[in-house]
Amino acid sequence: MQKTKQPKFMKDFLVYLTTIKGKSQRTRKEYEYDLTLFFRFYKAVQEDLDIENLSTIDIGTITIEEIREMTLEDLYLFMEYCEVQRGNSAAARARKVATLKSFFKYLKGKRRLIEENPADELETPKIGRKRPIYMNLQEATQFIDGIKSNQASPRNYCMMMFFLNLGIRVTELCQLNKTSIQGRYLTVIGKGNKERTVYLNDSCMQALADYENSGKTPYKGEGEEPLFVSQKGTRFTRQTVAKIVKRINQQSGLQKERLTPHKLRHTSATMMYKAGADIRSLQHILGHSSVATTQIYTHIEDEQLQHVLENNPFNIVRER
């Protein structure tokens with residue numbers, strides 16, 4: 001979607017998201033995309049323009065008076081367009097609902113620019129709860145054994161140990177600095193700039209020591225020195241770490257389908273839950289704002305219960 005001039009109240013909202021609400025630049029861009037799409041669609045409907053050419057529609061002229069005229073029906077029409085014509089999944093539409101709710105709530109509650117909030121009654125599409133995809137212990141061991149021996153191997157091994165032992169997000173790993181470590185504790189900056197402290201076990205400490213003693217590439221960037229430095233002397237990006245995970249997956253011969261850094265996080269959380277971690281502890285370690293998010297890992301319990309019932313001595317099919 002090409003760049004378009006934005007109305008001031010939209011720019012103000014996007015600034016509010018990052019400076020006050022603490023949202024990441026990535027989330028801000030997603031909200032910006034959703035609002036731009038919504039405003040272009042709204043103008044196309046109001047002015048009877050061709051919906052096939054939404055990218056050509058200028059939204060810079062939309063006024064707050066037009067916003068005040070928007071109704072719940074306009075929002076439903078947009079959601080129908082996203083589902084039917086754009087083929088958006090329930091998850092993609094749920095994000096658009098979240099964007100619209102947040103935007104109109106800001107206009108009414110923070111700016112007092114509208115008296116009625118048309119998104120108040122806008123419902124979020126139901127999303128089927130997905131079971132997390134993860135590696136079992138044997139697969140994880142094979143994956144780790146696939147780290148090719150070269151100058152980067154101590155660094156790559158340490159990063160994988162942090163994923164598998166601490167369950168951190170890839171963006172959190174990329175943001176780690178040398179100063180993030182104090183003794184055996186690691187300070188992690190999570191979603192919404194929320195800080196949490198996690199304990200470094202022996203495996204992490206040994207991997208970190210090996211990495212520090214490996215003659216790592218000096219940092220050539222500006223600002224604080226990252227904990228993990230790329231071969232070019234720069235801070236890692238999510239995409240580069242994902243490529244490293246993909247390469248290890250191939251080299252190990254595991255060839256686990258769609259293995260990503262996030263799947264390593266799922267693997268860590270699943271193994272911790274299997275090892276007896278309670279949900280509240282797991283919630284803190286993973287940095288979930290809601291315990292409901294952490295409860296996806298209780299699927300292990302369901303599988304174990306199923307196994308127990310399958311092995312019940314009375315589980316015998318008798319002919320009658």
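The points below concern the overall build of this predicted model and one of its pockets.

1. Secondary structure. The protein is made up of 14 helices and 3 strands. Its C-alpha trace spans about 75 × 60 × 35 Å along the principal axes.

2. Burial and surface. The chain has 320 residues, and 42% of them count as buried. The accessible surface of the protein amounts to about 18,700 Å². Carbon and sulfur atoms account for 48% of that area.

3. Contacts. Taking contacts between residues at least 6 apart in sequence, 61% link residues that are at least 24 apart.

4. Charge. There are 50 positive side chains in the protein, against 38 negative ones.

5. Second largest pocket: volume and lining. This pocket holds about 300 Å³ of space. Its lining consists of 19 residues. Nearest the centre of the pocket are R155, Q231, T240, I244 and R247.

6. Second largest pocket: contributing helices. Two helices, α7 (153–166) and α10 (238–251), each provide at least two residues of the lining. Which element gives the largest share of the lining? That share comes from α10, with 6 residues.

Notes
Residues numbered from 1 in each chain as written. Predicted model: local features only at pLDDT ≥ 70, side-chain atom pairs only at ≥ 80, totals over all residues. Heavy atoms only, no water. Helix = DSSP H or I, 4+ residues; strand = E, 2+ residues; numbered from the N terminus. Buried < 20%, exposed > 50% of the residue type's maximum accessible area, 1.4 Å probe, protein only. Contact = heavy atoms within 4.5 Å. Areas by Shrake-Rupley, 256 points an atom, 1.4 Å probe, with all protein chains shown as cover. Lys, Arg positive; Asp, Glu negative; His and termini not counted. Charge placed at Lys NZ, Arg CZ, Asp CG, Glu CD. 1 Å grid on protein atoms, 1.4 Å probe; cavity = no way out; pocket = protein on both sides within 12 Å on 5 of 7 lines; lining within 4 Å. Points joined across faces, edges and corners; volume = space filled by probe spheres on them.
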